[in-house]
Amino acid sequence: MSDPTTKPSEEARALERARQLPNARTGMDAATLRRAFADHLHYSQGKDEHSATALDRFFAVAYAVRDRMVNRWIQTQQAYYKADAKRVYYLSLEFLMGRALGANLINLDLYEPMRRALEELGISLADLLEQETDAGLGNGGLGRLAACFLDSMATLSLPAYGYGIRYEFGIFEQELRNGYQVEKPEEWLRFGNAWEIPRPEYMVPVHFGGRTERVTDAHGQVRVRWVDTRTVMGMPYDTPIAGYCNDTVNTLRLWRARASQELDLDDFHAGDYLAAVEEKNLSENISKVLYPNDFTVMGKELRLRQQYFFVACSINDIVSRYLKIHTGFAQFSDKVAIQLNDTHPAVAIAELMRILVDEHGVAWQEAWDITRATFAYTNHTLMPEALEKWSVELFARMLPRHLEIIYDINQRFLDEISARYPYDVPKLHRMSLIEEGPTKMVRTAHLAVVGSHSTNGVAELHTDLLKSNLFRDFFELWPERFNSKTNGITPRRWLLLANPQLASTISEVLENDWPRHLNELARLAPLADDAAFRRRFREIKRDNKTRLAAIISEQNGLTVDVDSIFDVQVKRIHEYKRQLLNVMHIVALYNRIKADRTCDMVPRTFIFGGKAAPGYLLAKGIIKLINSVADVINHDPDVAGRLKVVFLKNYRVSLAERIVPAADLSEQISTAGTEASGTGNMKFALNGALTIGTLDGANIEIRREVGSENFFLFGLTVEEVAALWQRGYDPREYIRANPELRGVLDALGSNLFCPNEPALFRPIVDLLENHGDGYLLCADFASYLAAQEQVAQTYRDPERWSQMAILNVARMGAFSSDHTIQRYADEIWKVSPVRPT
């Protein structure tokens, strides 16, 4: 892009006049959109109405929409340059974007015009939306949060960029075979990507390995050179991110690894064709797959290569953009804010120091002050084992200069600690960036905290636990650097797109700008007492349940009762999320029916979805257990009409958009003190599901907002959990005291749910019974069942249930990602909106 701060040339003025003329690339009315669609079908896809497939038609629509984004995109970037604005760079190893077409149509206010344009051609927009493949470049909540944040940064007109990796294969596609999870490659780029634009002119060299040497420069200063390295090229692909009805279009830049040399001609001419392309294959493995299995040494090495690759590309890009209109680095932290989304990008701190000190000759202390003032760090986990650490040996082999820089940072930091806390050697060991032991490790979370001016948690409880437990020493040293920013979700995707009937009904009551000011939903609260509105609310919920029931019928071959409670738990499968506790409740209900076939029970449909990490055997065993329990219950005539269990395979963003609006009950049942925040809890509540949950993560704040009377609470608190572990937790005490719990475990441990694989689930029961109940399922079981009974009794009163659900929707304004991002902008980044003119 040419420098927009210079005086426009005659060519630029002529081009601008031409762009102002109405044409098929810019017009927003149905007729012009229809022409744009026809043009792209013909000229971009090379098809006519006879040969075009549904996928061709999807691409034609997508290109027509992208055209309307590109002009706004260029104007937005020009506005940022002209304002010399401070910019935010959001570094994340995951962006779980999902499908883009529907969201872009909504944000450009084109959904209805495009629907009408296609309808006149006999084409269904809804059908074309289903042609798009999810961009699954994330593992779960972390990547989906990043996607919501991009939407909000654009909607707030903040000068912001997302940086990540353009994985060739995203989160795996989940198949089920005999109830077991089987992973298949997720080829999201198989048919191309309508939204991205490759930018080979901005390719970045990235170095690995080699060694360092000291040299004296022309000014007599000793400089460090990183030499004899292996080079990989990072090629950027840009995706436009549209704000909601505001003409701002920001950029998501994803990096693809390319070989610095595509083909070794010497090897090729010698006939060694495999060796000729070996370098290309090794280089391009870096961006091949999301999260390689890091149980092996090679897996760990590839994971670190990924992290440094995208960080090096991004920091180089950021510095280059800054230097386009600035000389020297005195203003760098006034013009650049870099947010680390969890610990994965933490090596960016060492990389910026390397560029400043080694490449630009900035003095160490000045460079450190700039770096610390530039970076901010968001922590997303309370589990020490999830905080990444890398062996010093691996770092020395792959990134020798960065290890030297980390050692220098650490020495200066420990000197500071020693001066403040003399003779406190244990504190030095706890806070050091290097973990001593048989294998020395680099603590990247400590690097992130020490190298940033702000460290935030993602919910109030999470932040309190960071201060009191995980980063206690750092909080005592720098209390002013710690703050809380509760996560949020974009209402554009999770209400306007996912639940158009409810969104339309809300718009009939409120002004149309409520998707940008979600606190306006509070004005719905009085309608919870309006019988006609409650009836309309129930009709919408039932319609959404009917649509989900059709998906269940198609995918699982099951007929479910849309008047039953749709009891939903969809999220990553993990022990701490306690899908197993949910299964234990299902088995308890099943046992009750088998003991008394006449028992009165509110019908329920239990709906699960989620993926287990390929190497997480226990989580994969839980998936098998859910499907085995489903197989027995769904085929037992004794429970017909009362219980159904469904596991929807291959959970992803587009499937969530169907499940969330249909849920009656949202299961947010993690052990208190284990979930950082959660955002699924927010999506369900915004769509009128009631929550059953513990006082964990953002559940606490949701319950406070919606009212304790509109939330089904159970389980131990964080304090009670700590006290229980302190005095010694023995699950057998709870099992002996609770015959129903004993009966559930006996059923799970028998062959009832695994007649063809005897004792298959016995290890899970043995784990719970023999001090392996690390997430207190037995301790919380009775409380959970009592809360579930309260759920059932409330559901018997549809008017009361509807009232509670409407109040949940009305009180979710605080959980818009717009609100969260505004707090980041005001309190951490210190950036202001810049609107294109």
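Modeller: Bear in mind that this is a predicted model. The structure holds six cavities of 30 Å³ or more, and the largest cavity has a volume of about 520 Å³.

Biologist: Which residues are the closest to the centre of the largest cavity?

Modeller: Met97, Gly98, Arg99, Ala100 and Trp195 are the closest to the centre, out of the 34 residues that line the largest cavity. The elements that give two or more residues to this lining are helix H3 (54–83), strand E2 (95–98), H4, strand E3 (135–137), helix H7 (141–155), E11, E12 and H21.

Biologist: And which element gives the most to that lining?

Modeller: That is E11, which gives four residues to the lining of the largest cavity. By class, the lining of the largest cavity divides into 18 nonpolar, nine polar and seven charged residues.

Biologist: What volume does the second largest cavity have?

Modeller: The volume of the second largest cavity is about 130 Å³. It is lined by 13 residues, and Glu575, Leu580, Leu618, Leu768 and Leu777 are the closest to its centre. Helix H25 (617–633) and H32 each supply at least two residues of the lining of the second largest cavity, and H32 gives the most, with three residues.

Biologist: How does that lining split by class?

Modeller: The lining of the second largest cavity has eight nonpolar, two polar and three charged residues.

Biologist: Let me zoom out for a second. How many helices and strands does the chain have?

Modeller: The protein chain has 35 helices and 25 strands. Its radius of gyration is 28 Å, close to the 28 Å that the globule rule gives for 837 residues, so the chain is as compact as a globular protein of that length. Along the principal axes, the C-alpha atoms fill a box of roughly 90 × 75 × 65 Å.

Biologist: Switching to strands, what is the order in the open sheet of three strands?

Modeller: The order is E15-E17-E16, with antiparallel pairing. Strand E15 (389–391) and strand E16 (434–435) are the edge strands, each pairing on one side only. E15 and strand E17 (residues 441–443) pair over three bridges in the antiparallel sense, and the bridge partner of Trp390 in E17 is Val442.

Biologist: And how many bridges join E5 to E6?

Modeller: Five bridges join strand E5 (residues 173–177) to strand E6 (residues 180–184), and these two strands run antiparallel. In E6, Gln181 is the bridge partner of Leu176. The hairpin of E5 and E6 has two residues between the strands, and Asn178 takes a positive phi near 55° there.

Biologist: Where is Asp247, and what is its phi?

Modeller: Asp247 lies in the loop between strand E11 (230–242) and strand E12 (249–259), and its phi is near 70°, a positive value in a residue other than glycine. Asp247 is partly exposed, with a relative accessible area of 43%.

Biologist: Last one, where does Glu705 sit and which residues is it in contact with?

Modeller: Glu705 is in helix H28 (residues 699–706). Leaving aside its neighbours within four places in sequence, Glu705 is in contact with Arg811, Ala814 and Phe815. Glu705 is partly exposed, because its relative accessible area is 34%, a value between the 20% and 50% cut-offs.

Note on methods: Residues numbered from 1 in each chain as written. Predicted model: local features only at pLDDT ≥ 70, side-chain atom pairs only at ≥ 80, totals over all residues. Heavy atoms only, no water. Pairing = 2+ DSSP bridges. Rg over C-alpha atoms; globule rule 2.2 N^0.38 Å. Buried < 20%, exposed > 50% of the residue type's maximum accessible area, 1.4 Å probe, protein only. Contact = heavy atoms within 4.5 Å. 1 Å grid on protein atoms, 1.4 Å probe; cavity = no way out; pocket = protein on both sides within 12 Å on 5 of 7 lines; lining within 4 Å. Points joined across faces, edges and corners; volume = space filled by probe spheres on them. Nonpolar A, V, L, I, M, F, W, Y, C, P; charged D, E, K, R; others polar.
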